[in-house]
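Dear colleague,

I am passing on the structure we spoke about, and my notes on it come after it. Please read them with the coordinates open.

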Amino acid sequence: MSLLEVHDLRLVYPNGHEALRQVSFEAEAGEIIALIGRSGAGKSTLLRCINGLERPTEGEVVVDGEAITRMNERQLREVRRRIGFIWQEHNLVERLPVLTNVLTGRLGYKSGLGGLLGYFDRDEREVAVRSLERVNLLHRAKQRADRLSGGEKQRASIARALTQQPRIILADEPVASLDPELAVQVMSDLARVAREDGALALISIHQVELAKAFVDRVIGLAQGVVVFDGPTGRLDQDVMDRVYRFDKALA
Ligand code: ADP
């Protein structure tokens, strides 16, 4: 049994658009995978299906042996505790200190009141501090999130995901809005911490060269279909054509 199994996923949005047509793959703990494909290929939809934000029309997502596609909201919340999500736009609460933002990674573990009151115990604070340390951001812990640079914000959201102690990290174009230099740094941090923790990381990314430098495996999506799934070393021009010029290939 793999940590993550995606079986014949199909998703038709309410407006009739078929964003995923047939997506299947399995992934193990410790794998760092890039999800590549043109804009609109279905990458974001796929990531949202994996953490249950989107319900597929057909098919199944199985995390650790449990079919999350059949879970109710309460069960989903439990599974989501261990799935860290990093967005293109960091999603930090700008007015709150960095450390508080990072601590919100623990909210999924809390029952209603503790979470509402923002009470975090010492162990939780230690996890958060350690997470900030691991992305070299501890010196910013007390600053408001809106004081951080773009790269720092993205590292703070990596720290927030780490604070969940996730088994799976999903990142939806985490470096798309960063300068090339910062993008390298953030990708490098993300791949490193995922590797250190033996987490499965699935990262959607536009910059194929950057992906090649930091991941082991690439899944290429085109028009909601997996057109490549293999080690980074097998990404040649032919594969790139399949992933990025699918319309042409079909014509
Ligand atoms: P990617 O992340 O690869 O850019 P997305 O998963 O965001 O692709 O989108 C896949 C396709 O589904 C696109 O054509 C997009 O316009 C469409 N889409 C995304 N979200 C919705 C929605 N809520 N309703 C209808 N269509 C959507």
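This is a predicted model: local features need pLDDT of at least 70, side-chain atom pairs count only at pLDDT 80 or more; totals for chains, interfaces and linings use all residues.

Residues are numbered from 1 along each chain as its sequence is written, and side-chain values use heavy atoms, with hydrogens and water left out.

The chain holds ten helices and ten strands (DSSP runs, numbered from the N terminus, of H or I with at least four residues for helices and of E with at least two for strands). Its radius of gyration is 18 Å, which agrees with the value near 18 Å for a compact globule of 251 residues (taken over C-alpha atoms, the rule being 2.2 Å times the number of residues to the power 0.38). Along the principal axes, the C-alpha trace spans about 55 × 40 × 35 Å.

Around the ligand (a heavy atom within 4 Å) lie Tyr13, Asn15, His17, Ala19, Arg38, Ser39, Gly40, Ala41, Gly42, Lys43, Ser44 and Thr45. Helix H1 (residues 43-50) gives the most to this shell, with three residues. Among the polar contacts (pairs of N or O atoms within 3.5 Å), a polar side-chain atom of His17 lies 3.2 Å from a ligand oxygen, a polar backbone atom of Ala41 is 3.1 Å from a ligand oxygen, and a backbone N or O atom of Gly42 lies 3.0 Å from a ligand oxygen. Taken alone, the ligand exposes 560 Å², of which the protein buries 65% (Shrake-Rupley method, 1.4 Å probe).

The largest pocket has a volume of about 590 Å³ (on a 1 Å grid over the protein atoms alone, an open set of points with protein on both sides within 12 Å along at least five of seven lines, lining residues having an atom within 4 Å of a point; a volume is the space filled by probe spheres set on the points, which are joined across faces, edges and corners). Of its 19 lining residues, Arg80, Thr104, Leu107, Gly108 and Gln164 are the closest to its centre. Helix H2 (73-81) supplies the largest share of the lining, five residues, and strand E6 (83-86) and helix H6 (150-163) each supply at least two.

There is also one cavity of 30 Å³ or more (grid points where a 1.4 Å probe fits but cannot get out). About 40 Å³ of space lies in the largest cavity, and its lining includes Cys49, Glu54, Arg55 and Ile68.

Best regards

Methods
A polar contact is a pair of N or O atoms within 3.5 Å; within protein, one must be able to donate a hydrogen and the other to accept it, and residues adjacent in sequence count only if both atoms are side-chain atoms.
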